[in-house]
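User: I would like to learn how to read a few features of a protein model. Could you take me through them one at a time?
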Amino acid sequence: MFLDQNLEELDFGKSKVKRDDFGNCGLCGCITRWKDVKLNKNICSEECGSQLWSQEFSDKPELVREYNYREYTDVIENEVRGYSVFSNVSKDILIVVHNQLDYVKQCIESVQAVTQNYTLHVWDNGSDVETKNYLLSLGNKINLTRTEENLGFIIPNNRMFEKARGEYTILLNSDTIVSEGWDSVMISYLRRPNMGVVGYLGGVLNSEAVGDRAKYGYDIDYVMGWCMCFKRDLFETLFDEKNLEFAYCEDADFCLRVKENGLKCYALHTPLVHHFGNKTANQVAQKRDITETFKKNHFYMKTRWSHILENR
């Protein structure tokens with residue numbers, strides 16, 4: 001819940017939350033005096049507010065573009081300046097797939113339509129027959145690896161990363177659509193001094209090592225793993241599969257290690273990749289109890305990065 005009830009207004013992601021007349025939370029129905037001024041809905045907590053915003057933008061990439069262009073025009077103009085000269089830089093794109101065929105097709109077709117000089121690595125985590133056959137039909141257009149077991153996000157990306165040979169590596173979720181310039185804008189920004197990782201949305205961790213706010217720019221702990229780009233030689237290995245398992249927290253841990261080495265992470269305001277959000281994760285959660293994995297990974301993060309998180 002929002003703890004400081006003495007405040008009249010709070011910054012909240014894409015909007016502001018103000019004290020208002022009592023009403024029911026637009027998600028859970030709890031009685032609350034807080035209202036999101038852009039959604040014009042009452043919200044009782046950051047969790048409910050985040051889910052309402054996710055619902056607002058889910059499956060609506062045109063709304064995301066319109067919002068970002070309107071709110072961040074000057075910043076976006078700076079981010080995209082000169083990006084086109086980097087369109088032909090060599091890159092490896094890593095995508096982990098588990099079912100969700102319609103989203104997978106949209107993602108791969110969008111990459112094929114607007115991207116140059118890339119190698120597309122796809123890891124199929126035991127998908128159903130339809131998804132399996134679609135990926136097989138792509139032939140040598142992709143480097144395909146398939147396992148019958150769903151190994152999550154960490155191990156598949158690590159194994160594909162071992163095969164990457166391009167100058168840059170891009171991690172991309174299968175429930176995304178990319179637009180022209182999506183890769184070269186990231187690479188262009190990575191050419192700036194002391195840059196380590198660039199992507200399209202950033203997160204901030206709370207004292208429990210849980211991401212509780214989405215942000216753009218430099219003032220972030222990590223770039224969200226649904227789309228991130230970095231130089232291939234940044235690290236010899238990608239995610240920490242010794243201390244983290246299956247999925248969750250690997251993107252935050254990776255970026256904090258990058259920052260520990262004196263480099264910056266940046267989340268672009270430019271809306272060139274749309275993430276539908278948790279399509280695969282929601283399906284996995286129906287088949288696999290991820291509670292213990294979530295707890296274990298967050299406990300490691302809280303311990304490993306305690307010097308950063310302890311005063312939050």
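Analyst: Let me begin with a definition: a nonpolar core is a set of buried Ala, Val, Leu, Ile, Met, Phe, Trp, Tyr and Cys residues joined through side-chain atoms within 4.5 Å. Buried means under 20% relative accessible area, exposed over 50%, and partly exposed in between (1.4 Å probe, protein chains only). This is a predicted model, in which local features need pLDDT of at least 70 and side-chain atom pairs count only at pLDDT 80 or more, while totals for chains, interfaces and linings use all residues. Residues are numbered from 1 along each chain as its sequence is written, and side-chain values use heavy atoms, with hydrogens and water left out.

User: Which residues touch the most other members of the largest nonpolar core?
Analyst: The general idea is that in soluble globular proteins, nonpolar side chains tend to be buried together. Here the largest core has 73 residues, and Leu 172, Trp 182, Tyr 200 and Phe 254 touch the most other members. Helix 7 (residues 182-190) supplies the largest share of this core, 6 residues. A second, separate core of 6 residues includes Val 17, Leu 39, Leu 52 and Trp 53. Helices (H or I, at least four residues) and strands (E, at least two) are DSSP runs, numbered from the N terminus.

User: What is Leu 172 in contact with?
Analyst: Contact means heavy atoms within 4.5 Å. Leaving aside neighbours within four places in sequence, the partners of Leu 172 include Ile 93, Leu 94, Ile 95, Val 96, Trp 182 and Val 273.

User: How do I read the overall fold?
Analyst: Start with the elements: the protein chain has 11 helices and 16 strands. Next comes the radius of gyration, taken over C-alpha atoms; the globule rule is 2.2 Å times the number of residues to the power 0.38. For 312 residues a compact globule would have a radius near 20 Å, and the protein chain agrees with its 20 Å. The C-alpha trace spans about 60 × 45 × 40 Å along its principal axes. Of the 312 residues, 51% count as buried. Among contacts between residues at least 6 apart in sequence, 70% join residues at least 24 apart.

User: Which residues of helix 6 are buried, and what covers them?
Analyst: In helix 6 (residues 154-163), the buried residues are Ile 154, Pro 156, Asn 157, Asn 158, Met 160 and Phe 161. Their cover includes strand 5 (91-97), strand 6 (118-125), strand 8 (168-172), strand 14 (227-231) and helix 8 (250-260). Asn 157 counts as buried because its relative accessibility is 1%. Not counting residues up to four places away in sequence, Asn 157 touches Leu 94, Val 96, Leu 171, Leu 238 and Phe 239.

User: Where is Arg 192, and what does it touch?
Analyst: Arg 192 is in the loop between helix 7 and strand 10 (195-199). Its relative accessible area is 27%, so Arg 192 is partly exposed. Not counting residues up to four places away in sequence, Arg 192 touches Asn 78 and Glu 79.
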